[in-house]
Amino acid sequence: MESLYLFSSMRSMKRFFVQNYAESFLPPTKSVGEFLEFILRVDKKRKIPKFLRQYYLYKAICLTDTQKLGEFAKNFTQFLQNSSFFLKFYDELCAECVEIKSLSKLDIYAFYDDHLQVLEAVFDAYQKLLAKHHFFDQYFLQDYTITFELLNEFDRIIMQVDGFLTRFEIKIFQCISQKIPMTLKLKIDTFNQEYYQKFFDLDLEFGEYSILLEQEKFSIVDFIQATQKAKNLEILEFQDRIAEVGGIFAQIDIWLNQGVQPEQISIVLPDESFIEYLKLFDKARNFNFAMGTHLSTFEMYQKIVESKESFANFESFEEFLMLQLEHQNANVRQNVLEVLGEFKFSLVYMESLEVYEQILVFLEMLKEQSLDDIGGGRISVMGILETRGVSLDYVIIPEFNAGNVPSISDKDIFLNTKIRENVGLPTRKNRENLQKHYYAELLNGAKESRILCLNNDITKPSRFLLEDSIFGAQKPQKTSLVYSEYFLNGKALNYKEQQILAPLNVESFSATSLECFLTCKRKFYYRYILGLKSEAVEAVNMGSKIHEALKEVYSSAKNFDTKTLYAELCLRLNISNSAKERFESELAKQYLKHVFDFEKKRFEGGWIPVAFESDFIFNYAGFTLKGRIDRIDRRENMLFVLDYKYKRSLKIDSAKSYEKSTDFQLPIYYLATKAQNPNNAIKAGFYDLYEAKIIEEVDLDTKVAMLEEKLKAIKNEAREVDFSLATKRDACKFCDFIYLCNRY
C-alpha cells in the first residue's frame with residue numbers, strides 16, 4: 001500500500017519531487033483538479049468540453065428573456081466576448097455549494113431581484129439543454145458518485161493546501177475520509193486563520209500544520225510555530241515603466257555579481273501584461289516565461305480572424321488552416337491539430353451555428369493554448385498564482401501598483417457583500433486576504449526580495465504595502481533617475497521646458513474650450529490652435545449615452561408620464577457593445593429610476609420641459625460664445641436652464657471662489673437663454689443624475705460679471721499669449737498631452 005500526494009499546482013508538485021525524490025522512483029501524484037476528475041463520475045453522462053459550455057449557455061440565453069440583464073446575447077460573436085460574466089458566477093456558486101434560488105431570499109432590498117430571476121432562468125435552461133444531450137457541467141448539481149475502487153491501492157492521501165479550499169472540495173474530502181484518511185498540510189497566517197478555523201472547527205495559531213481528516217472529523221497531528229518573517233526586503237518607487245524595467249535588470253546584475261545563479265532568480269508578475277515590457281528589453285533571451293507564448297499572438301491566428309467570414313463550409317476552412325500550418329514549426333502544428341481534433345468531435349453539437357460562428361468557437365479554443373518557452377533563458381518569469389507552494393530564493397515583484405494589487409475580480413458583479421456573507425460566498429475581503437496570503441508566503445520564503453512600484457501623477461503604489469504583517473516597517477524608497485538610462489547607449493538627453501509665445505488666433509469659445517484655456521493654456525494651444533487630437537476611443541462614454549437617450553425620450557414624448565419616459569429610456573440604454581458597457585447601463589438605470597421619481601415631483605410642481613439640446617451662438621465681451629443647452633424647463637414666466645451631469649461627487653463653485661473659477665458653463669447658458677428670452681426670469685443649474693437633484697448656480701449675476709472680466713482680460717492679452725503649463729498637476733492626470741509636456 002502507498003500514499004497518494006495531491007498538489008494545488010504542477011510547479012508545487014515538481015518542487016516536491018526535487019526535494020524528496022531526486023534519486024528514487026516518484027510516488028503517485030495528482031493536482032487537486034485532476035484528482036476530482038479522476039474519482040468523480042456521473043452515470044450515463046459526459047462532462048461537457050470547456051469550449052462547448054459557451055455555446056450551450058448562448059442557446060440557453062436565447063431561450064430566456066434577458067432584457068432585464070441587458071442584451072448579453074444579441075449575437076453569438078458578441079456573446080463569446082461576454083459569457084465569462086455568467087460562467088464565472090455559475091462556477092462560483094457550484095464551488096461553494098450555493099443554490100441560486102437561495103440568493104433572492106436574502107436580497108431584502110430586491111436590488112438584484114430582476115437580475116437573479118433572469119440568471120436563475122438562464123441556468124435552468126442551460127441545465128435542461130445539457131441533460132437533453134447527456135452532458136453535465138458541475139458535479140455539485142448532479143447525482144455524482146465517488147469511485148472508491150480507484151483508491152483501493154492507497155492507504156492514505158496527503159495534500160499540500162495552498163490558498164483556500166472550496167466547500168465542494170471539502171465536502172468530497174470528508175466523504176473520502178470515511179474510507180481513506182487524508183492529511184492536509186498547510187500554513188496558517190493572519191489572512192487565512194479565520195477561514196480555516198471556521199471550516200475545520202479548530203483553534204489554529206500561526207504556523208505550519210498537518211491536519212488529519214478521518215471519518216469526516218478534523219484533528220491536529222503536527223504543528224510548527226511560525227517564526228519566519230520577510231527578510232532582506234526592499235520596496236522601490238519608480239517614475240515610469242521604462243525606469244522600472246531598468247531597475248529589474250540592475251537588480252539582476254547585482255545578484256549575479258554576488259554569485260547568485262540565474263536559476264535562483266524569479267520575476268513574479270501581478271499583472272501579466274507587463275511581459276511585453278520585459279520581452280522588449282530582453283534582447284539576450286535571459287528570461288524564461290512560465291506562462292509560455294499564446295497561440296493568439298501568432299500571425300496565423302490573426303489571418304484566421306481576418307478570414308473567418310469567407311468560408312462556405314467548415315471543410316474549406318480546414319483546408320485554409322492546413323495551408324497556414326505548412327509555414328509553422330512542429331510544436332505549433334501539433335498544438336493546433338490537437339485542438340482541431342477535439343473541436344471536430346463536437347461540431348455535431350454546433351450545427352445551428354453559422355460557419356463563421358463555428359470558427360469563432362475554434363478561435364476561442366486556440367486562444368486558451370500556449371507553447372512552452374523552450375528557447376528561454378535561466379531566469380523565470382511567472383504569475384503570482386504559479387508561486388503557490390513553491391519557495392523562490394531571489395524574487396523581484398514589479399508593478400506592485402493600485403489596480404494590479406489587489407487584482408479585481410468581476411465575480412462580484414451580481415451580488416453585494418452582505419448577500420455574499422449571508423450565503424457563504426467569498427467576499428471581496430476574502431479574495432484580498434487570499435492574495436495577501438500568497439504574497440506573504442512568497443516573501444517569507446525568499447532569501448531576498450524586491451518590490452517595485454510606480455509613483456507618479458497617474459499610478460500609485462498598492463495599499464497592500466501598508467500591511468505590517470507582510471512588509472513590517474518597510475517604506476518605499478524613491479529611486480534615482482539613473483534607472484531610466486539603463487538601456488541608453490549614449491548620454492541621456494534631459495527634457496527642456498519650452499516657452500510658447502503666440503497670438504490667440506481664436507474668435508470664439510465654447511464653455512469647454514474656455515475652461516481649457518483658463519485651466520491649462522498649453523493644452524488649449526495643442527488642442528484648439530494646433531488641432532491635435534487623441535486617437536478615437538471605441539468605448540462609449542456613459543454620460544454621453546445617457547444625454548443622447550434623454551434627448552430622444554423627451555423630444556419624442558407626447559406627454560410627460562414618468563413611467564413611460566423611464567421605460568423608453570431603458571430601451572435605449574439596452575443598446576450596448578461590450579459587457580462592461582452593458583453593466584454600466586444597468587447600473588445607470590438604477591440611478592435614473594430615482595431621477596424619474598424626482599421628475600414626477602417637478603412636473604407636479606408645474607415645471608414643463610420645453611427645449612432639448614438647443615444650439616446657441618452670440619457675441620459677448622469681444623468673443624463669440626457658442627454651445628448646446630441640454631434642456632430648458634418652464635414654469636409660468638420662469639425658465640430653468642439645465643445641464644445633465646453623470647458624475648459622482650458633483651460640486652459647484654461657491655460665490656467666494658468665483659475669482660478662481662474656470663468653469664463658466666452655466667453663466668454662458670444663462671446669457672444665451674436671456675438673449676432669446678429677455679422678458680423671462682431665468683435660473684440655471686446642473687442636473688445631478690447620480691443623486692437625482694438639481695444643484696443651482698448660487699449667484700448668476702456675480703459669476704456673469706466674473707466671466708465678462710476674464711473674457712476682457714483674454715482679449716487684452718490676445719496679441720501675445722504665454723501658453724504655459726497648468727500650475728496644478730491634477731489637471732494633467734487624464735490629459736491627452738501628458739507625454740508632450742513631460743508630466744507623466
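Mentor: The expected span of a helix is 1.5 Å times one less than its number of residues, where helices are DSSP runs of H or I with at least four residues, numbered from the N terminus. The model before us is predicted: local features need pLDDT of at least 70, side-chain atom pairs count only at pLDDT 80 or more, and totals for chains, interfaces and linings use all residues. Residues are numbered from 1 along each chain as its sequence is written, and side-chain values use heavy atoms, with hydrogens and water left out.

Trainee: What span should the 17 residues of helix 10 have?

Mentor: Helix 10 covers residues 241-257 and should span 24 Å at 1.5 Å a residue; its end C-alpha atoms lie 24 Å apart, which agrees. At its start, a side-chain oxygen of Asp240 comes to within 3.1 Å of the backbone nitrogen of Ile242. Just after the helix, Gly259 has a positive phi of about 95 degrees.

Trainee: Which residues of helix 10 are buried?

Mentor: Buried means under 20% relative accessible area, exposed over 50%, and partly exposed in between, with a 1.4 Å probe and protein chains only. In helix 10 the buried residues include Val245, Ile248, Phe249, Ile252 and Trp255.

Trainee: How many disulfides does a search of the whole structure find?

Mentor: A disulfide is a pair of cysteine sulfur atoms within 2.5 Å. The search finds zero. For Cys175, the closest cysteine sulfur is that of Cys97, 10 Å away and therefore too far for a bond. Cys175 is partly exposed, at a relative accessible area of 27%; Cys62 is also partly exposed, at 45%.

Trainee: How is a pair of aromatic rings described?

Mentor: Such a pair is described by the distance of the centres and the angle of the planes. Rings of Phe, Tyr and Trp (its six-membered ring) pair if their centres lie within 6.5 Å; planes under 30 degrees apart count as stacked, over 60 as edge-to-face and the rest as tilted. The whole structure holds 54 aromatic pairs. One of them joins Phe16 and Phe17, tilted, with 6.2 Å centre to centre and 50 degrees between the planes. Phe16 counts as buried at 15% relative accessibility, and Phe17 at 16%.

Trainee: Where in the chain do Phe314 and Phe343 lie?

Mentor: These two rings form a tilted pair, 5.2 Å centre to centre with 35 degrees between the planes. The pair links distant parts of the chain: Phe314 is in helix 13 (residues 314-325) and Phe343 in helix 14 (residues 330-346), 29 residues apart. Both Phe314 and Phe343 are buried.

Note on methods. Helices (H or I, at least four residues) and strands (E, at least two) are DSSP runs, numbered from the N terminus. A polar contact is a pair of N or O atoms within 3.5 Å; within protein, one must be able to donate a hydrogen and the other to accept it, and residues adjacent in sequence count only if both atoms are side-chain atoms.
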